[in-house]
Amino acid sequence: MKKTIPVIGMACSACSANVEKKLNELKGVKAASVSLPGRSVLIDYDPDAVSLEQMKAEINGIGYDLVIDKETSVEEIEKRGYTLLKRKALLSWMFAIAVMCVSMRWIDLGSHDISNQVSLLIALMNMLCCGRQFYVSSWKQLLHGAANMDTLVALSTGIAFLFSSFNTFWGDVVWASRGIVWHTYFDAAVMIITFVLTGRLLEEKAKDGTASSIRQMMGMTPKTAHVVDGGKIEEVPLSTIEVGDVLEVRPGEKVPVDGEVISAESFMTADAAYVDESMITGEPTPVEKKKGLRVLAGTIPSQGKFRMRARRVGGDTALAHIIRMVQEAQGSKAPVQRLVDKAALVFVPVVACIALLTFLLWWMIGGNGYLPQAVMSAVAVLVIACPCAMGLATPTALMVGIGKAAQKQILIKDAAALESLRKVDVLVTDKTGTLTIPNKSIDFTKADNLPFEERETLKPNAREAMETLQKSGVEVYMMSGDKDKAARYWADKAGIKHCHSRMLPQDKENLVRQLQAEGRRVAMVGDGINDTQALALADVSIAIGKGTDVAMDVAQVTLMGDDLSAIPEAIRLSRNTVRMIWENLFWAFIYNIVCIPLAAGLLYAFGIDWQITPSWASALMAFSSISVVLNSLRLRWMR
């Protein structure tokens, strides 16, 4: 059984890696894939071997939570969490301003000792009121032999606070008596928490943008429906609708469930209504709906009203299936993300070791006189290291890319399919039902004597789509079971040079196999059972949403409408998304490679008296995470 479950409490890639590792260790869990920006986990598990309650208990033990109660609103939990985070960040800024005023002597308290003691109290209040989550989380992680971003924040602020507290009461006795100048760093402890909270606040706001496509699709389902019971019409919650119920849908209302029209009327005709299905199929023109025809949840009557019998409700509707597919695709991992996840598990311990080494080097080089410098350099290293940027680099780009595809009626099965699309250099397409629309009303006994344009018609934008593909370096082959003359006619109409006729299912598979043997990366697009062998073999399989369920089950990409321009759009989106992933990873790794040595004080070795302070380190760390998310959001406007 596969299920997408919201996860509460994750803040960085180490968090998502720890949750994923813990779930994958459970007996009965076949595979668990955590999406940090999606704040969810896609779990494939055996319900007879492990329950959701057991998973929840295990995850609670390491400081996170799984939302398994269907009645619990994840949106409300996240909204409350965001409000609490905003309040903590605002309060932390007040503490930060207060401690800066005292430590910088903008407010004169009479003596150095009193200023330090007041700063100590402000810093302590900030740690308890605003930063408590960091210490609780890091303690839970420690108990389970794990570490995350909270561990680095807790270590750095704890060291800065304890060292400063020691100096406040014993600085003169221990350091001044030996001629060593000492300082307190309460402002650094406060500013680290303040910048981290502010960064997370901005990051959460930006991450909401990456999940907007899912929220838009979920918003297509109404909260209530009008049930017809005898002569009465009653408005009831959507959750109470059952298969077989008769519902009335009025102009402008959203169709609540999938069903069959039993009566319809509009000012244009007495037996039909017109429904806007563009949000599902991409078709711009409202579709006529008469008795016996199917209507889908989320679509909207633009003219007229109708009564329908519910056939699929709840999670069985086509819209629910689409939402589930997009959620699973956004929660899946690209191959490169597996490497990042492995790096995330060791990142925090490695950074802690680098910080310890930094401390020891400063102390050994300068002796006790450099001890304050050694402590602050180690703190800066702990603060500036950012596993968040690495963890967000791939999934945020994938979420935006897959979400944008869904908005264009392109359903992508998983991250691997999105990544494979960019490598395609050959597209093999079926003809009837894929490239052309057959005329089902003709007399087939006379079909041989009719012009080709009365057998079938070329789909809108088909020629433009094929030309765009070929201009972008993708060669197009058409294959059909039709006779030679008809196949060549439609290939010419579509601007396709390579045409194969009288193709049986095995012939289609053989053509794909032959192209792959030549070293080509093949995408196959089809709509029927006779295409499934070739679809299953292709590097990327593309099904037409109006085709058979078998073809859609096999396919890695499904086009919900008849507009074939979605194919070059999907390839272009794949190329943009993968390029964005590598951009994000490059900047995330470069950030850590450059900033950690600068925070450690490497420039002093070259005679340059400068390094990144703990306060600046916390600001730069927050900025690195936000910049990765904002960079991914550029995909929305890229062509």
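Helices and strands are DSSP runs numbered from the N terminus, a helix having at least four residues (H or I) and a strand at least two (E). The views below show a predicted model.

**View A. Valine 424 in the loop between α14 and β15.** The loop that holds valine 424 lies between helix α14 (415-421) and strand β15 (426-430). Valine 424 counts as buried because its relative accessibility is 3%, and buried means under 20%. Beyond its neighbours within four places in sequence, valine 424 is in contact with Val474, Arg521, Ala523, Val540, Ile571 and Arg575. Leucine 511 is 87 residues from valine 424 along the chain, and the C-alpha atoms of the two residues are separated by 16 Å.

**View B. Threonine 436 in strand β16.** Strand β16 comprises residues 436-438 and includes threonine 436. With a relative accessibility of 0%, threonine 436 counts as buried. A polar contact of 2.5 Å links the side chain of threonine 436 to the side chain of glutamate 456. When residues up to four places away in sequence are not counted, threonine 436 touches Lys431, Glu456, Thr457, Leu458, Lys459 and Trp490.

**View C. The open sheet of six strands.** The strands follow the order β6-β5-β7-β13-β8-β11, with antiparallel pairing. Strands β6 (232-237) and β11 (294-295) stand at the edges; each has a single partner strand, so one side of each is left without a neighbour in the sheet. Within the sheet, strand β5 (residues 224-229) and strand β7 (residues 246-249) run antiparallel and are joined by two bridges. Valine 227 has leucine 247, in β7, as its bridge partner.

View D. Methionine 466, leaving aside neighbours within four places in sequence, is in contact with Leu427, Leu435, Val476, Ala494, Ile496 and Leu564.

**View E. Helix α12, residues 371-384.** Helix α12 has 14 residues and reaches 20 Å from its first C-alpha to its last, close to the 20 Å expected at 1.5 Å a residue. The helix is mostly covered, with 13 of its 14 residues buried.

Notes: Residues numbered from 1 in each chain as written. Predicted model: local features only at pLDDT ≥ 70, side-chain atom pairs only at ≥ 80, totals over all residues. Heavy atoms only, no water. Buried < 20%, exposed > 50% of the residue type's maximum accessible area, 1.4 Å probe, protein only. Contact = heavy atoms within 4.5 Å. Polar contact = N/O pair within 3.5 Å; in protein donor to acceptor, adjacent residues only side chain to side chain. Expected span 1.5 Å × (residues − 1). Pairing = 2+ DSSP bridges.
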